[in-house]
Amino acid sequence: TAAKPPVRLGFMYMPHGVIMDQFWPASPETFLDSPPPALESLRPVLDQCLMMKGISGVPISPFNGAPHALELSTWLTARLPDADTRSRVNISISADQVMANYVGAETLLPSLELATMPQTHKENQEGLHEAYYSHCSYRSPTQPVPAEIDPRNVLNRLFGKRGEKARVTKTSPLDRQMLDRVLGGAKDLRRTLAWDDQQKLDEYLDSVRSVERRIAAIESRQQEASLEKAGVRSSRKNAADSPPIEIKIPEGDKRSEYMQVMCDLNVLAFQTDTTRVSTYIGSTPNGVSYPELGFTDTHHSTTHHNNGEEKVGKVAAITKFNIDQYAYMVKKMASLREGDGTLLDNCILMWGSGLEDGNKHSRENLPFILAGKGGGALQTGRFLADTKGNQGDLLTTLLTCAGIPLDRPIGIATKQIEAMKA
């Protein structure tokens with residue numbers, strides 16, 4: 001019998017918050033049958049979704065003048081940057097990377113980071129480093145993880161660099177002895193270094209260990225391939241599972257098509273167990289517009305609407321557009337067989353924003369949508385209208401539901417949100 005499929009955890013982000021009365025369901029009783037306008041594209045799979053109202057963000061004092069530097073950087077860390085070292089990155093390891101550290105050795109890629117826009121925004125609210133505007137993943141407190149924006153490059157990462165005849169080019173020989181020597185020598189060196197240099201060395205060693213985990217994964221895949229070539233089917237696969245989806249790279253510049261191919265790549269990475277952790281930054285707070293929607297105003301400028309009807313309508317349309325792309329990915333996963341259920345059954349996909357309301361920059365009630373049961377850990381088909389918890393509590397609970405043992409909570413967490421669980 002095939003082993004139980006692994007749990008995968010994915011995060012998809014949109015900046016600037018939402019129009020609250022068009023996002024939140026009217027009541028738990030009407031959630032499934034009468035969703036609000038923003039959620040209409042999720043209607044066919046709402047029974048596989050979970051929403052919770054009442055999750056507060058990280059209080060941003062003493063950085064009150066930096067709402068946009070903090071909305072993305074705190075989203076998966078649930079912690080503020082260090083106030084004494086504002087000009088360089090110093091925050092906390094993010095939830096996705098906590099999971100990657102635990103399960104990354106079992107897959108070819110420890111994690112997959114995707115984005116729609118280059119991570120090059122230049123602004124320094126409250127003197128904070130510019131990387132905080134466009135990064136949500138942090139391998140360590142001082143190491144933001146870059147995201148890939150080119151779908152062709154993502155395909156190369158997932159399945160190896162392709163040669164002229166579409167064959168995977170050979171990788172360098174796996175040299176375990178060299179890695180052992182590097183790690184062994186570094187331990188001796190560390191004792192002689194000052195604290196700042198020890199931190200830099202620790203980050204280097206984390207990178208070396210990441211290479212070591214990838215080597216283990218590659219060796220495991222090579223062994224699996226040899227067995228399959230000999231006619232022995234891997235115990236992790238089920239004959240009834242859906243075949244890997246096809247990826248079609250769009251030729252035009254439509255934002256929806258671009259975002260959907262990035263969602264497809266995320267689905268394919270999960271479906272082939274190439275990674276079990278992903279992040280997709282749909283956009284960042286630096287001037288993106290949506291000409292597909294019939295207007296060229298930037299997302300940020302429309303969020304400062306002062307309750308004007310025209311701008312409120314534009315924010316609502318942008319929010320719905322982004323949720324539609326998330327719904328595309330959720331529905332695709334729900335259509336793919338895996339084990340005794342679907343790929344979505346074995347995933348948790350979170351969509352959300354680091355602000356509640358872009359007009360007021362409020363963070364007391366952050367918008368989140370969860371999809372997938374996490375292998376049976378989450379009870380979906382519900383809207384919990386009065387949840388008591390913060391961003392760290394949510395992330396801590398999600399990691400626990402994904403089977404990750406934690407030695408400490410994520411960021412400002414003080415508890416797990418038991419009402420989420422099955």
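Q: Where in the chain does Ala-78 lie?
A: Ala-78 lies in the loop between H2 and H3. Helices are DSSP runs of H or I with at least four residues, strands are DSSP runs of E with at least two, and both are numbered from the N terminus. This is a predicted model, in which local features need pLDDT of at least 70, side-chain atom pairs count only at pLDDT 80 or more, and totals for chains, interfaces and linings use all residues. Residues are numbered from 1 along each chain as its sequence is written, and side-chain values use heavy atoms, with hydrogens and water left out.

Q: What is the phi of Ala-78, and is Ala-78 buried or exposed?
A: Phi is positive, about 55°, although Ala-78 is not a glycine. Ala-78 has a relative accessible area of 0%, so it counts as buried. The cut-offs are under 20% for buried and over 50% for exposed, with partly exposed in between, using a 1.4 Å probe and protein chains only.

Q: Where is Asn-90 found, and which residues does Asn-90 touch?
A: Asn-90 is in the loop between helix H2 (67–73) and helix H3 (95–103). Contact means heavy atoms within 4.5 Å. Leaving out residues up to four places away in sequence, Asn-90 touches Pro-81, Asp-82, Thr-85, Tyr-132, Pro-141 and Thr-142. Asn-90 has a relative accessible area of 16%, so it is buried.

Q: Which peptide bond is cis?
A: The bond from Ser-61 to Pro-62 is cis, with omega near 10°. Pro-62 belongs to the loop between strand E3 (55–56) and H2.

Q: Is Asp-340 buried or exposed?
A: Asp-340 reaches 87% relative accessibility and therefore counts as exposed. Asp-340 is in the loop between strand E8 (337–338) and strand E9 (341–342). Its C-alpha atom is 8.9 Å from that of Asp-241, and these two residues are 99 residues apart along the chain.

Q: How are two packed helices described, and what is the case for H7 and H9?
A: Two packed helices are described by the angle between their axes and the distance between the axes. Axes are lines fitted to C-alpha atoms, for helices over the stretch in contact, and angles run from 0 to 180 degrees between N-to-C directions. The axes of helix H7 (residues 255–271) and helix H9 (residues 309–334) cross at roughly 35° and come within 9 Å. The contact is formed by residues including Met-259, Cys-263, Val-267 and Phe-270 of H7 and Phe-321, Gln-325, Tyr-328 and Met-329 of H9. By class, 8 residues of this contact are nonpolar, 5 are polar and 3 are charged. Here Ala, Val, Leu, Ile, Met, Phe, Trp, Tyr, Cys and Pro count as nonpolar, Asp, Glu, Lys and Arg as charged, and the others, Gly among them, as polar.

Q: What is the strand order of the open sheet of 7 strands?
A: The order is E4-E7-E1-E10-E11-E2-E12, with mixed pairing. Two strands pair if DSSP finds at least two bridges between them. Strand E4 (112–115) and strand E12 (382–384) are at the edges, each with a single partner strand, so one side of each has no neighbour in the sheet. On average, neighbouring strands of this sheet are turned by 15° against each other, direction ignored.

Q: Which residues of E1 are on one side, and which on the other?
A: In a regular strand the side chains alternate between the two faces of the sheet. In E1, Arg-8, Gly-10 and Met-12 are on one side and Leu-9, Phe-11 and Tyr-13 on the other, and all are buried.

Q: How many bridges join E1 to E10, and how many join E1 to E7?
A: E1 and E10 run parallel and are joined by 6 bridges; Tyr-13 has Gly-352 of E10 as its bridge partner. E1 also runs parallel to strand E7 (residues 277–281), with 5 bridges, and Met-12 is bridged to Tyr-280 there. Gly-352 stands opposite Phe-368 in E11.

Q: How many helices and strands does the protein have?
A: There are 10 helices and 13 strands. Of the 422 residues, 53% are buried.
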